[in-house]
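Dear colleague,

Please find the structure below, followed by a short account of what was found in it.

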Amino acid sequence: DFETSTFSCEVKSTVHKSDTKLTISSQHQLKSEKTLYLYFCRMEKSAHGVSIDDVKEMLILHGYDGDKLELQIEKAN
């Protein structure tokens, strides 16, 4: 999840190919004073393409806090 000065983004993801359901953990995830976007990402293993580490590096290059991201990744596992 991330926020800018004008909008908030709630990101949900799955590694299941046929899963189209997402879970909202609490009502606060969808409450925002700003415009709210919901992103649903379906990921799968591939010998080609962009890895989680690649995405992590891109986020950090675009200004996302690397330490915060590491903690969020560890929490997700």
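In what follows, a residue is called buried under 20% relative accessible area, exposed over 50%, and partly exposed in between, with a 1.4 Å probe and protein chains only. The model is a predicted one, in which local features need pLDDT of at least 70 and side-chain atom pairs count only at pLDDT 80 or more, while totals for chains, interfaces and linings use all residues. Residues are numbered from 1 along each chain as its sequence is written, and side-chain values use heavy atoms, with hydrogens and water left out.

**Overall architecture**

The chain has 77 residues, and 10% of them count as buried. Its C-alpha atoms fill a box of roughly 40 × 30 × 20 Å along the principal axes. There are 2 helices and 3 strands; these are DSSP runs numbered from the N terminus, with helices (H or I) of at least four residues and strands (E) of at least two. Along the sequence they follow the pattern β-β-β-α-α.

**The sheet**

The 3 strands form an open sheet with mixed pairing, in the order S1-S2-S3. Strands count as paired if DSSP finds at least two bridges between them. S1 and S3 stand at the edges with a single partner strand each, so one side of each has no neighbour in the sheet.

S1 and S2 form a hairpin, with 3 residues between them. These two strands run antiparallel and are joined by 2 bridges. Phe2 has Cys9 of S2 as its bridge partner, and Glu3 has Ser8 of S2.

With a relative accessible area of 30%, Val11 is partly exposed. Its C-alpha atom is separated by 5.3 Å from that of Asp1, 10 residues apart along the chain.

**Aromatic rings and cysteines**

Rings of Phe, Tyr and Trp (its six-membered ring) are taken as a pair if their centres lie within 6.5 Å; planes under 30 degrees apart count as stacked, over 60 as edge-to-face, and the rest as tilted. The count by this rule is 1 aromatic pair. It consists of Phe7 and Tyr37, whose ring centres are 5.5 Å apart and whose planes stand at 90°, so the pair is edge-to-face. The pair links distant parts of the chain, since Phe7 is in strand S2 and Tyr37 in strand S3 (residues 35–42), 30 residues apart. Phe7 is partly exposed, at 26% relative accessible area, and Tyr37 is likewise partly exposed, at 38%.

A disulfide is a pair of cysteine sulfur atoms within 2.5 Å, and by this rule the count is 0. Cys9 is in no disulfide, the nearest cysteine sulfur being that of Cys41, 10 Å away. Cys41 is in no disulfide either, its nearest cysteine sulfur being that of Cys9. Cys9 counts as buried at 3% relative accessibility, whereas Cys41 is partly exposed, at 31%.

**Pockets**

A pocket is an open set of points, on a 1 Å grid over the protein atoms alone, where a 1.4 Å probe fits and protein lies on both sides within 12 Å along at least five of seven lines; lining residues have an atom within 4 Å of a point. Points are joined across faces, edges and corners, and a volume is the space filled by probe spheres set on them.

The largest pocket holds about 1400 Å³ of space. It is lined by 33 residues, of which Val11, Ser13, Met43, Ile52 and Ile73 are the closest to its centre. The elements that give two or more residues to this lining are strand S2 (7–14), helix H1 (52–61) and helix H2 (66–76). H2 provides the largest share, with 7 residues.

The second largest pocket holds about 190 Å³. Among its 15 lining residues, Asp1, Glu3, Cys9, Glu10 and Gln29 lie nearest its centre. Strand S1 (2–3), S2 and H2 each give two or more residues to this lining, and the largest share, 3 residues, comes from S2.

With kind regards
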